[in-house]
Structure formats: C-alpha cells, structure tokens
Amino acid sequence: MRVTPSKVKKFLEKPDALSGVLIHGSDNSRVGFYVQEIIANLDEYSVQVMDFAIVNKSPGLLFSELANISMFTSKKLIKLINVSGSISKELKNVLDYNAGDHYVMMVASDLPYNSATKSYMESSKIFAVIACYKDSNSNLYDIISSYLKQNDIKCTNEIIYHLQSYFNHSKLPICSELEKLVLYLGERKDLKLTDIELCFSTSGNDYATLDDLCSAIASKDMSRFIRISDALISQENFSPIALIRIISNYFLRLENVLLSVQGGMSEQAAIDQLSPPLFFKQLQSFKSHLKKVEIAGAVARSGSKYIDSDIGPIIANLGIKVTSSISDVFESSDVVIDFTTKECMLDCLKAAVKFKTPLVSGTTGIEGVDLKEYAAEAPILWSANMSVGVNVLLKLVKKAAELLGNEYDVEIWEMHHNLKKDSPSGTAIELGKTIANASKVDFQSNQYLHSGSNIRKKGGIGFAVSRGGGVIGDHSVMFVNSDERIELNHKAIDRTTFARGAVQAAIWLYENKREIPGLYSMQDVI
C-alpha cells in the first residue's frame, strides 16, 4: 500500500506495524534518510543486507534467512538493496508467507511506472511503499525539522525553509549534510543562517567531519586522524565503534570505484554512481586516495597467448602489458598477489625474498613448501581462502571445537568445480587443522579421507570430497554426537569475494608489514 507524504512521518514512528516497506525514487538523499530512520526505530532487530538480484534469482536464500533463528535477536530486518523493476513469482511467495516477526525493507532508485515490483508492493496489504522525489516539499520540511529536533537544535521556520531550498537543489545526502551541520555547531544549539552558509559553502572550514576522518586515514596523516577522532568522540552520543564502521565504509566505497574502473568505466562515472553521493568538497582527496591502489603488472605462464598483449581484454584498459617475467613484476610492484600453482608460487616466494616485496598468496596444494623459510626474509601472507566469510568460519569452528571438546565426531565436507586438482581443498585442510589445534590433538595422525570401508576412530577428523560442474566452493563442518548435530557452512556465490579479500589483504600487508618479514594470514587481516 502507498504511504502518502502526509502520512510518512507517522509511518516512520512505527514501521513494523506492517511486514515491510519498499523505499524508491530519484531523491537518493531522502531514500537514505528513510532507511536510516527505519533501522533506528527498529533497533531491536538485527540487520542483514542482501542483494535483490541474487534473492530474486534464488528466493530460497531469503527464505532460509527468514527461517533461521538469529544468535543475538529474535527479530531480523532484511535489507534488500539494488531492487529492480521485475520480481519473480517465487520471491513473491516467500514475501507473502514471511514467517515470524521479521521485517523486509527493499531499497530502489527510480522505478519505471509499470514496475512489477512496485505494483506488487502497492497491492499488498502487508507492505508499505514510500516514493522519494524532489517535489515532496512538505515531506522534506518534516525530515529537516525532525532531525534538528532530535539533536536539540533550535531554529526558526525561515532556517528550515532555507535548508529545504538547499536540499532541493543539491544531490548530497540529507542525513550526512545535517550531521555535518550539527558537528559544526558543536556545543551550540541555536542555528543561524550564517552557520548554514559557512558550513555548506566554505571550503576552508577546519571543523571535524566524518569525511575528514576518512581522508586522514587514507592519507596516513596520524596526527590529523587523532585530532579529528578526538573531536568526534567528544560529541554527545557518538560511539567510538562508529569510527571503525565509518572508516570501513569509506574504503569499501574506494574499492567499489576501483572495481568499476577496472571493468571499463571512467573514474568520474564510477564516482557518480556512488550512493549516497560523494560530498563535493571531498572529491579531489577521494580521487587521490584511488591512486594509492592500482595494478602495476601482470604475469602469465611462458608461452601464454596473452604475453606482450595489453591486460585490457582480461580486466580493463590499463595500458599494462602481460609478461612471463616474475622478477619484472616483483621489482616494479609494492605488493604482489599470487593465485597460481605450487611451481609458480615457489618462483614468487624466491622473487619476494630477492626484491623484499610483500607477497599475498592464495595458492593451495603446496605440501612440502616451507613458507616460514621464505617469510624469515620477506613479508608473506598466505591463506587457503581469501574470502572474509571463510575466515570468519575458521574463527567459529575454532570456538566450537574449544567448547565441544573431543566428545563430538568431526566431519568436513567440501565441493568444488570439476577441474580442481587438489583434494581435499586447502580450505578444508585448514579447517581440519584449526579444529585439531583447538581440540589439542595431532592433525596428521587423526585426519583421514573417507573411502572404502574404513571405520572412523574416536577423535578423528573425517573428510568427504565432491567435484562437479562449476561449483565455486562449498564447505561444511559438522560436530556430531548421538544426540545432536551442529553444522557450520559457507558457500561462495561469486569469485569476487576472493578478489576482494586478496586486495584487502594486500593493502593490509603493505600498510602494516611491508618492512617486517614474517608469515601472516587472513586471520591477521580481519
């Protein structure tokens, strides 16, 4: 059902009177504000973000999320992002029969008038629809006055009309801009027109903003970071944990732009698609931070058809030639990422030692390679799996093994594509070693691969392997006794997760350990 502008304020006060909401429109500032308001008013819900395109294709993922019980809260808020105009029949069925007290929030940009998604939500009796467009002036007045009131800021109607006019002609996010204004006022609670003019139009201000905080980190300006973070923390109701979230989100925005550029998009176009939009005063510093991470070279095996060709057909038009010389790449790079074979990895390790270049490697099937030997002379980060999710899984299985002890049988199952050479996978072996260490048993003498008629022994760690099709990587760890079974699972949906993790690891290794030889892992990164 549609929520008219005059009723939006009342709806936001108790959004869970319905089962969910679709927020859409060309005014990204207003969309972002409503999203934040709903999340804030449903603070007893745990928030889970999912991509609409994936859920629309595989509705079972949303069904599982709604059916599963959260470890921390009894209610979940599922935020579906990048919502498109079409919706599958199967996804409608999942939404119609949403079990429990969970809440589904769908966030979209401007949807076409004949959008099936919008039509479904508007005709539903359990979902609300809020449209966000620049011409909803009365609604914008309520947003501004409500925010200022929440922060105990006193002002006249003239001030609010002035801000309303500013936001109607600005593409900048309302919440972010109002937050800057509140930070600018500091201890003062009386807002004047001169404050607005100085805060929004003067580039020489030195007051603390969230963008300044991120800029200080990316520029490695520690004294400025300390000064700004101290100023922010001193603000009332500003949680120190927010610093971590703000910095993390900023670097994710940098990464998103870099990935878009590598995909062939121009730098400015990639920046323009950011949501919420980049604050114009931060544009130049943001662009300078993008230059801190770039591809310096690429290596292919000797005889490859890509040798001496531009890397463009593979990644993006970067003007970089593919080479078969590992030494050339290590000599010209600040850090190198390796996903190859055992033989190639050995050459990379030797080059890392020779040129003292930090190396990040996710190559598996490397039995017999003494990584510590090379790590004694160069910074080496190796993980069987670069996915952040898998490394969280490693922490979870470690904790489970410590709590459960040796009274549970441990089974590890993994499945990969039909071209994978090593078996069990490096990730599965790493999971087994983690459990063995936590359980204080010897891994080599207690691990075995199921085959034939061998019978499991007490304290053993069993492995089962499947190969087929194009499966990216599934891993399950089971702790089983006669009364119950505990399962911890991870499924890779897209190989991008490994690339993101590897880039994150490379940045961490270069910025923290580039001059400190040693063997590191993704556990150190996260």
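Guide: What follows takes the salt bridges one by one and then turns to their surroundings.

This is a predicted model, and the structure holds 9 salt bridges. As a general point, side chains of opposite charge can pair when their charged atoms come close.

One of the salt bridges is the meeting of the side chains of aspartate 16 and lysine 14, at 3.9 Å from N to O. Lysine 14 has a relative accessible area of 52%, so lysine 14 counts as exposed. Aspartate 16 is at 26%, which puts aspartate 16 in the partly exposed class.

Another salt bridge joins lysine 356 to glutamate 377, with the closest N and O atoms 4.0 Å apart. Lysine 356 is located in the loop between helix H17 (342–355) and S9, and glutamate 377 in the loop between H18 and strand S10 (379–382), so this pair ties together parts that are 21 residues apart in sequence. Both ends are partly exposed: lysine 356 has a relative accessible area of 45%, and glutamate 377 one of 40%.

The loop between strand S9 (359–361) and helix H18 (371–375) holds threonine 363. Threonine 363 has 2% relative accessibility and therefore counts as buried, the limit being under 20%. Its side chain makes a polar contact with the side chain of aspartate 338 at 3.0 Å. The side chain of threonine 363 also reaches the backbone nitrogen of threonine 340, at 2.9 Å. Leaving aside residues up to four places away in sequence, threonine 363 touches Asp338, Phe339, Thr340, Thr341, Lys342, Met345 and Trp382.

Glutamate 402 is partly exposed at 39% relative accessibility, and lysine 398 is partly exposed at 40%.

Helix H19 (residues 388–404) also contains valine 392, whose relative accessible area of 38% makes valine 392 partly exposed. Valine 392 belongs to a nonpolar patch on the surface, together with Val388, Leu396 and Ile526. The accessible area of these four residues together is about 280 Å².

Salt bridges can also be linked to one another: Arg188, Asp190 and Lys192 form a network of them.

Strand S5 (residues 127–131) is mostly covered, with 4 of its 5 residues buried. Strand S1 (residues 20–24) runs parallel to S5, and 5 bridges join the two. In this pairing, valine 21 stands opposite alanine 128 in S5. Tyrosine 448, in strand S12 (residues 447–449), is buried, with a relative accessible area of 13%.

Finally, the chain as a whole. It has 23 helices and 16 strands. Of its 526 residues, 44% count as buried. The chain exposes about 27500 Å², and carbon and sulfur atoms supply 52% of that area. Among contacts between residues at least 6 apart in sequence, 67% join residues at least 24 apart.

Notes. Residues numbered from 1 in each chain as written. Predicted model: local features only at pLDDT ≥ 70, side-chain atom pairs only at ≥ 80, totals over all residues. Heavy atoms only, no water. Buried < 20%, exposed > 50% of the residue type's maximum accessible area, 1.4 Å probe, protein only. Patch = residues over 30% accessible without salt bridge, like charges linked within 9 Å, V, L, I, M, F, W, Y side chains within 5 Å. Areas by Shrake-Rupley, 256 points an atom, 1.4 Å probe, with all protein chains shown as cover. Polar contact = N/O pair within 3.5 Å; in protein donor to acceptor, adjacent residues only side chain to side chain. Contact = heavy atoms within 4.5 Å. Pairing = 2+ DSSP bridges.
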